[in-house]
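User: I would like to learn how to read the features of a model like this one. Could you walk me through it?

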Amino acid sequence: MKLTLIGNGTMAQSLAKGLVANHEVEIIGRNINKLKEVQKTIPQISIKELDDVEDITGKNILFCVKPYVLQTVSARLSGKANILFSILAGTTLDSLKKHIEAKYYVRTMPNVAASVLKSMTTLTGDEEVKNEALEIFTSIGQTLWLESEKQLDIATAVAGSGPAFLALIAEGLTDGAVRAGLPRDLSSKLVQGLFTGTSTLLETQHPALIKDSVMSPGGTTAVGYGVLEKNGVRNAMMDTIEQTYNKAQELGKK
Ligand SMILES: NC(=O)C1=CN([C@@H]2O[C@H](COP(=O)(O)OP(=O)(O)OC[C@H]3O[C@@H](n4cnc5c(N)ncnc54)[C@H](O)[C@@H]3O)[C@@H](O)[C@H]2O)C=CC1
Ligand SMILES: O=C(O)[C@@H]1CCC=N1
């Protein structure tokens, strides 16, 4: 299927890197020099500068701009797209329908791991194109079709923003190892391996059981675990998701 990405930022590039393996990908952006730079790293794509009146008739569009430029960019689009996939955080299907004409609409929330084909992407919208939507986004990682936009806003907090949250944990663990005296290159390597191994365990084991299997009586883990609980890390995670979700809903009201 031919896919047209509008926007050429971090996410458009991450998605394009994964999608080119199975799809024809065109990227439309506002600056041809920036697009040429992108094409150097992803040679399979075709590029095009956004026209003042950009005809999107019959195209399958992946809308990849920031939520606050929806009105400015959509004002330059004319015609009726086939499927409009939006990756805009918070931006509701109603709002998309108001600004861009398409036969079908799907809201999606991929994440930055799309560039390495490991996105955790959630989707919701017109059931008629559910299979096509899942097929497209499965080419860049795992997918989950959700029942409502509320669920997608929660997923935005967990899996859309989540790489940044886990990166903070990874950075903290690395700095801890450095503070204890391990060189940074070794500390980074350790943390990478730790994340890979733990994520594989999580595929089949409940987090609480992983913890139980690690924590020996009177051992090291029990001490470290106590420090995390004393510092409210669990509650900080829950608050983080709640407030990030609230922000997604707030973006949707603009
Ligand atoms: N960065 C991430 O991890 C994720 C981001 N998203 C969503 O993806 C969207 C894009 O985010 P990023 O790629 O991170 O942002 P970015 O800032 O890297 O890219 C935004 C793109 O919009 C274009 N743009 C901005 N103003 C424009 C205008 N007036 N006319 C034409 N194009 C314009 C920029 O040139 C750029 O290509 C956002 O809506 C965000 O909510 C969704 C999932 C994950
Ligand atoms: O920070 C943001 O608004 C976007 C949405 C999900 C990840 N980044």
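Analyst: Happy to. Helices (H or I, at least four residues) and strands (E, at least two) are DSSP runs, numbered from the N terminus. In the protein chain, the secondary structure comes to 11 helices and 10 strands. Please keep in mind that this is a predicted model, where local features need pLDDT of at least 70, side-chain atom pairs count only at pLDDT 80 or more, and totals for chains, interfaces and linings use all residues. Residues are numbered from 1 along each chain as its sequence is written, while chains are lettered from A and ligands numbered from 1 in the order in which they are written.

User: Which helices each supply at least two residues of the shell around ligand 1?

Analyst: A residue is near a molecule or strand if its C-beta atom, placed from the backbone, lies within 6 Å of it. Here helix 1 (10–19) and helix 3 (70–74) each supply at least two shell residues, and helix 1 gives the largest share, 3 residues. Of the 24 residues around ligand 1, those that come nearest are Gly-7, Gly-9, Met-11, Val-65 and Ala-89.

User: How do I read the shell around ligand 1 by class?

Analyst: Ala, Val, Leu, Ile, Met, Phe, Trp, Tyr, Cys and Pro count as nonpolar, Asp, Glu, Lys and Arg as charged, and the others, Gly among them, as polar. The shell around ligand 1 then has 14 nonpolar, 8 polar and 2 charged residues. Ligand 2 is surrounded by Ala-89, Thr-156, Gly-160 and Ser-161, a shell with 1 nonpolar, 3 polar and no charged residues.

User: In what order do the 8 strands of the open sheet run?

Analyst: Two strands pair if DSSP finds at least two bridges between them. The order is 3-2-1-5-7-8-9-10, with mixed pairing. At the edges are strand 3 (46–49) and strand 10 (141–145), each pairing on one side only. Strand 8 (residues 102–109) and strand 9 (residues 119–125) run antiparallel, joined by 4 bridges, and Met-109 stands opposite Thr-122 in strand 9.

User: What is the phi of Leu-117, and where is Leu-117 found?

Analyst: Most residues other than glycine have a negative phi, and most peptide bonds are trans. Leu-117 has a positive phi of about 60° although it is not a glycine. Leu-117 is found in the loop between strand 8 and strand 9, and counts as partly exposed because it has 15 C-beta neighbours inside 10 Å.

User: Which domains does the assignment give?

Analyst: Domain bounds come from an automatic or database domain assignment. For the protein chain, this gives domain 1 (2–149) and domain 2 (162–251). Their C-alpha centres lie 32 Å apart, and 7 residues of domain 1 are in contact with 6 residues of domain 2.

Methods:
Contact = placed C-beta atoms within 7 Å. Buried ≥ 20, exposed ≤ 12 C-beta atoms within 10 Å, placed from the backbone.
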